[in-house]
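Open the structure in your viewer and keep the selection tool to hand. The tour below goes from one selection to the next.

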Amino acid sequence: MRKILTAGLMAAALAAAPAASGSAKELLFSIIGAPKHVMNADMFPEWTRGVEQATGGTVKLKILLKAVAPPPRLYDATTQGVTDSAVIMNAFIQRRAPLIQISMLPFMFTDAEAHAVALWRTQKKFFDKAKTNEYADVQLLGFTSGMGGQICSLKDPIRSLDGLRKLKLWSLPGGAAKTLSALKVAVVPGPAVRMYPIVSKGTVDGWASLPVMDAYTFNILDVTKSCTLLEGGLGQATFSIMMNKDVWNGLKREQQEQIMGASGEKLARTSRLWQAIAVKQRADFAKTGRALVEAPADFLAALRRAAQPQHDAWIAMANGKGIDGKAAYDYFVEQSRTAHK
């Protein structure tokens with residue numbers, strides 16, 4: 001049974017929508033996280049401008065300055081009409097959408113833009129043919145991707161499995177948390193927007209699964225002293241962008257086609273903006289004198305071994321959904337290495 005959102009949230013969302021002018025249809029779009037995050041400040045505005053241009057101004061997406069619901073409930077907020085459209089991190093819809101969790105598996109990352117494009121192409125080539133439609137309750141518009149996650153410490157760099165096991169770490173839910181738990185590491189999982197009090201107050205010894213740039217994004221630079229870089233990333237955050245089904249069905253067919261023409265792969269390619277700022281801020285992190293170290297080969301190998309069962313389980317699950325899991329897996333991997341070119 002779906003959770004019912006509060007009447008207050010519904011009223012706030014409705015109050016935020018101005019009356020449409022002329023023939024233009026203005027639709028609400030709920031962000032996730034802080035308004036200044038690169039997705040909300042740069043990526044989504046580029047996409048919404050493209051939608052407005054593609055529809056000749058007949059459809060405008062209004063990016064709200066605040067999420068209409070907590071991060072894990074933005075899917076429900078969309079289906080219940082609290083917002084016309086929204087973004088949700090894919091880790092929060094693991095049960096609803098297990099196929100797209102391939103994008104959250106550890107050690108799959110090469111490039112943010114390519115990662116998001118690869119997910120969209122794999123969705124269209126394989127997942128749309130699955131026995132069940134994972135987005136039956138909404139209209140899927142596209143995906144975005146963040147950067148590969150690292151392991152950062154409030155003290156010295158983490159260079160070994162023994163050193164890792166002595167720590168308690170915050171992590172995003174999903175593949176990264178599962179990998180760490182498989183190695184008997186104490187993990188406190190949760191949404192990134194709620195990590196600040198946990199990390200800043202020293203409740204944990206460090207944080208994992210996010211890129212170095214998020215020391216800046218989530219205001220934890222002052223307490224973060226080092227980061228260990230993991231080739232391929234300890235997972236990465238990917239996001240689904242969706243629209244309420246009734247709102248979608250209320251649009252003209254021509255408008256639907258125009259919106260999808262400005263979404264899909266074009267929306268995925270806005271992830272290049274995330275990549276650009278991540279590269280800059282990782283360099284800034286090093287300039288502060290904080291330690292950035294490459295994970296020793298044996299440490300990285302141990303992490304990869306711990307993550308491998310998740311990859312095998314994903315392939316088996318996909319086979320059960322009526323698609324060729326290994327073929328879909330291999331296609332995603334190949335696309336994630338070439339789709340940015």
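Helices H13 and H14 are oblique to each other. The model is a predicted one. To see the pair, select residues 297–320 for H13 and residues 325–338 for H14. Their axes lie 7 Å apart and form an angle of about 125 degrees.

Next, show the side chains where the two helices meet. On H13, pick His311, Trp314, Ile315, Ala318 and Asn319. On H14, the partners are Gly325, Lys326, Ala328 and Tyr329. Colour this set by class: five residues are nonpolar, three are polar and one is charged.

Now move to Phe107, in the loop that runs between strand S3 (85–89) and helix H4 (112–125). Check the backbone here: phi is positive, about 65 degrees, although Phe107 is not a glycine. Is Phe107 buried or exposed? Its relative accessible area is 8%, and the cut-off for buried is under 20%, so Phe107 counts as buried.

The last stop is Asn219. Find it in the loop between helix H8 (214–217) and strand S9 (226–229). Asn219 is another non-glycine residue with a positive phi, here about 60 degrees.

How values were computed
Residues numbered from 1 in each chain as written. Predicted model: local features only at pLDDT ≥ 70, side-chain atom pairs only at ≥ 80, totals over all residues. Heavy atoms only, no water. Axes fitted to C-alpha atoms, helices over the stretch in contact; angles between N-to-C directions. Helix = DSSP H or I, 4+ residues; strand = E, 2+ residues; numbered from the N terminus. Parallel < 35°, antiparallel > 145°, perpendicular 65-115°, else oblique. Contact = heavy atoms within 4.5 Å. Nonpolar A, V, L, I, M, F, W, Y, C, P; charged D, E, K, R; others polar. Buried < 20%, exposed > 50% of the residue type's maximum accessible area, 1.4 Å probe, protein only.
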